[in-house]
Amino acid sequence: MTALTATWPLIIAVSSLGTAIVTFGDVESPVRPLIAFWFLLICPGMAIVPFLGIREGISQLTLAIALSLALDALVSISLLYAGLWSPDIMLAVLISVSLTGAALQILWLGRDHEQDWLAL
Amino acid sequence: MRQMVPRSPTTTVAIRNPLTSVARWLMALAPVALMVYATILWFVTLPHIDLGRMDDLGLISVLPLSTFVALIILTTSFCMALGQRSLRTWLVLAHVVVLIFMLYGIAALVEEVPRFAHTWHKVGVTEYISRTGQVDPTIDHNFNWPGFYIMSAFMLEIAGLDSAITFAGWVPVFLNLLYLGPLVMILRSSTGDQRLVWLGLWFFYLTNWISQDYFSPQGLTYFLYLVILAVLMTWFKVTAPESTNKRRSSERLGRLNNLSRKIGPWLAVPDAPNVPSTPMRRAGLIIIVVLISMVLVASHQLTPFAVLASISALVVFNRCSARGMPVLVSVLVGTWMAFVAVTYLAGHLSTQTENLGQVEASVASNVIGRLRGSPQHVLVVNMRLVMTLAIWLLALFGGIRSLRNGYWDLTYAVWAASLLPFLVSAHYGGEMLMRIYMFALPPIVFFAAALFFTTPRTGRSWRTPLAIGLVSVALFVGFFVTRYGNERMDYFTPDEIAAIDHAYTIAEENSLLLSLAPYLPWKSQDYEKFRYRSLTDMPSGEHLEISDLNPDTIAKLMQNKKYPAAYLIITRSQKAGVELLGKLPSGTVERLEHDLENSPKLELVFANDDGKVFVLANRGAGIRR
């Protein structure tokens with residue numbers, strides 16, 4: 001049994017695109033904070049957590065938020081201490097992680113050995 | 001000896017239902033209708049709250065009766081929802097969410113600017129990092145554990161927001177909603193009885209009065225702490241075969257030690273339900289826990305030690321199979337302290353360790369030292385002690401009742417007990433007892449809820465919802481006193497903000513910003529560019545007596561050559577705080593203000609109803625209102 005579906009990769013892709021547009025385009029809009037916080041709080045974690053095969057929604061969402069915050073913090077902390085304080089670069093890293101995870105989820109959906117992976 | 005059993009995952013208990021289908025349909029809808037009515041009633045009471053009339057009991061002194069009526073109605077509908085034959089998760093969840101908004105969102109709705117001086121300070125630390133892109137560990141302790149601030153600065157930049165003050169007032173609601181997920185996981189990890197789970201959540205939000213859920217590292221790291229415990233308690237339980245091995249081990253030991261032969265089987269009882277997990281899933285979860293732990297260590301001084309104590313106890317008492325986690329967390333903590341926080345620790349190690357093992361000193365700073373101030377404030381402090389004792393007593397009785405019914409719930413007991421030794425560690429500014437209470441609250445509310453729903457068959461009579469309702473009413477009345485008891489000094493007005501903004505506008509870099517007391521919304525901008533002192537909270541070695549609070553002494557302080565200029569800021573909240581906490585005798589502040597305004601050595605350069613700014617007389621350019 002798997003927790004992977006096509007829904008979250010699609011949401012992650014759209015959210016990544018939206019965040020990239022409002023941030024890199026420096027859009028001044030009341031929806032920018034909503035889009036940005038939605039992406040930062042949910043997407044990086046949700047790109048990875050479904051691979052754990054956890055079906056219960058509240059557990060999945062909790063882990064996704066916690067992992068998203070952890071990734072946000074670790075990326076920003078690492079780059080700051082490396083002397084590379086650039087929110088744009090940090091966001092690019094997180095978008096890359098999110099899109100990579102989403103792409104892998106799509107790839108994995110069609111594979112027959114999903115259950116073999118989780119049964120290891 | 002009674003056989004110790006894990007809580008059964010099955011909860012269905014067949015009961016006769018003589019009601020007709022129409023009556024059943026009405027009974028199912030009733031909690032929804034009551035919840036909606038309670039919410040509307042609560043909202044319409046908000047405009048009637050006049051903060052200007054608050055006394056030293058805090059927000060409760062100005063809450064209309066209808067606020068409590070709304071909460072009573074919500075509690076009634078929650079008890080109805082909990083008692084329904086088929087518990088509807090969405091319904092009880094909706095009740096808990098509404099409760100969160102009522103208890104934690106009320107300040108954001110009735111106060112015009114974010115409350116709590118510490119909020120503004122944390123905003124200032126974040127602003128520094130956002131502006132400079134670096135941390136300076138010599139500024140203060142926040143910059144030695146800057147993880148939360150760095151992440152926040154990054155998020156603000158991406159969101160296009162100038163300051164976290166924009167949303168800081170709503171952070172308590174956001175964080176308490178965030179705590180829901182891991183709390184559900186934690187409570188479900190040892191019982192399948194959903195009534196127990198949701199009542200535990202209900203009690204959590206009625207008793208989480210500590211106010212550490214503001215825009216702060218502690219607010220976020222508490223969420224991460226809960227997630228770590230949730231993961232370990234859900235997927236890393238010691239399963240039956242391991243516990244059987246442990247039982248054999250204890251039997252071998254038992255040949256040498258009768259006590260361990262008796263305790264061993266108890267330690268071996270696994271928690272239920274056991275969520276199946278594959279090695280790959282467990283590996284993935286451990287990686288997530290490690291990443292979260294890294295952020296914890298980088299963001300807060302105390303929370304990593306709470307994690308360490310909790311998971312170490314769970315491992316030692318054979319409740320958790322992630323036996324490497326305590327070592328890993330220790331390594332992370334040690335590494336951070338040795339390489340990053342070393343600047344702060346080098347200068348503060350003695351203050352951090354001076355109270356180690358000192359029970360009397362700990363009680364003095366955590367309890368006795370707080371029992372001072374106005375009579376109403378002393379009542380507030382006593383209420384905090386009463387609320388703490390009340391929930392712990394409920395938990396104790398719940399634990400005893402559970403034991404008598406064959407439920408050991410060792411995991412929760414071990415978790416709660418693991419935090420008690422912190423009381424004799426560093427005093428943490430007199431807040432260690434509150435932090436212990438906060439970190440131990442999840443297991444405590446589990447046992448408190450178990451008092452009412454001890455087994456799947458108990459709690460089915462009319463007496464149980466009545467008892468829950470009465471306890472809830474007592475708790476939410478106590479909540480408003482304990483959480484918002486200092487509100488007269490914790491809330492700020494736009495006029496106070498205007499006074500402080502004016503000071504920042506005219507102050508030169510490296511100037512001294514002087515206040516009467518530290519209860520004001522400052523330090524939120526250009527934090528590192530100024531020096532901050534409060535007359536009633538001077539560093540040791542610079543302490544001022546009451547007789548020193550006069551224009552001449554204050555002017556002398558402001559004339560210190562190491563500051564190019566100095567600005568004295570006095571606001572309504574400072575005056576409230578000084579009176580509430582008994583820092584100065586009654587009437588002292590009014591006399592001081594009068595003397596300052598009439599002193600030839602000082603000049604009033606800004607004044608409104610709630611704030612005044614003074615400079616030395618040879619610098620000012622007249623009053624600006």
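Biologist: Is Phe446(B) buried or exposed?
Modeller: This is a predicted model in which local features need pLDDT of at least 70 and side-chain atom pairs count only at pLDDT 80 or more, while totals for chains, interfaces and linings use all residues, and side-chain values use heavy atoms, with hydrogens and water left out. Residues are numbered from 1 along each chain as its sequence is written, and chains are lettered from A and ligands numbered from 1 in the order in which they are written. Buried means under 20% relative accessible area, exposed over 50% and partly exposed in between (1.4 Å probe, protein chains only). Because its relative accessibility is 1%, Phe446(B) counts as buried.

Biologist: Which residue forms a salt bridge with Glu56(A)?
Modeller: The term requires a side-chain nitrogen of Lys or Arg within 4 Å of a carboxyl oxygen of Asp or Glu, and the count between chain A and chain B is one. With its closest N and O atoms 2.3 Å apart, the partner of Glu56(A) is Arg188(B).

Biologist: How much area do chain A and chain B bury between them, and what percentage of it is on carbon and sulfur atoms?
Modeller: Buried area is the accessible area (1.4 Å probe) that two parts lose on being put together, summed over both. In contact terms (heavy atoms within 4.5 Å), 38 residues of chain A meet 45 residues of chain B. The values asked for are about 3500 Å² and, for carbon and sulfur atoms, 83%.
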